[in-house]
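Take a walk through this structure, one element at a time. Start with the strands, then look at the packing between side chains.

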Amino acid sequence: MRSLAGRQPRLFERLGEHRSACYFIDPVDLAFAFTVIPDGERSLVRVVRKSETATSSVLIRGPLLTLLGLLDGTLDGDALFFSRVISISGRTEAVLALRNTIEDAELRPADLLGLHGHLARLVDRGILGALNVARQMTDRNPGCEAPEA
């Protein structure tokens, strides 16, 4: 995230006061979670225990593939929230600021990795293709879905 902030500082400026918010991201199908503070070049991403929600401003829960789909823009966060595929609690205005920033950024996996040119296109195609295949497999085999949060 720090590298991305160096390349595209306006993305983080768009968050305004919510740059310093602590976002607790809980992929329900993993044994751990993440805390993210998207504060530009001072950004912080940590792998944490699921019990470490106390210091977070926002809690976002959902299946990993769904959360990744929100990040790459292939899935609609509003529809997922209202259908209860994901749950959100805490400072709603911080979540909205993050969502709007992510949507406007139109980030690709290569952007997050700092890649450019031909290599970036290959990485994007590979990662997005793999995510699409994984989503299709999950859709075809509902028994493999994560339990609801």
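This is a predicted model: local features need pLDDT of at least 70, side-chain atom pairs count only at pLDDT 80 or more; totals for chains, interfaces and linings use all residues.

Residues are numbered from 1 along each chain as its sequence is written, and side-chain values use heavy atoms, with hydrogens and water left out.

Helices (H or I, at least four residues) and strands (E, at least two) are DSSP runs, numbered from the N terminus. Two strands pair if DSSP finds at least two bridges between them. Strand E1 spans residues 23-27 and strand E2 residues 33-37; they run antiparallel, joined by three bridges. Tyr23 stands opposite Val36 in E2. The hairpin from E1 to E2 passes through five residues.

E2 also pairs with strand E3 (residues 44-48), again antiparallel, over five bridges. Here Ala33 stands opposite Val48 in E3. Six residues lie between E2 and E3 in their hairpin, and Gly40 in the turn has a positive phi of about 55°.

Now the packing. A nonpolar core is a set of buried Ala, Val, Leu, Ile, Met, Phe, Trp, Tyr and Cys residues joined through side-chain atoms within 4.5 Å. Buried means under 20% relative accessible area (1.4 Å probe, protein chains only). The largest nonpolar core has 14 residues; Leu15, Tyr23, Ile25, Val58, Ile60, Leu67 and Ala94 touch the most other members. E1, strand E4 (58-62) and helix H5 (92-105) each supply at least two residues of this core. H5 gives the most, with four residues. A second, separate core of six residues includes Leu4, Leu11, Ala105 and Leu107.

Definitions and conventions:
Buried means under 20% relative accessible area, exposed over 50%, partly exposed in between (1.4 Å probe, protein chains only).
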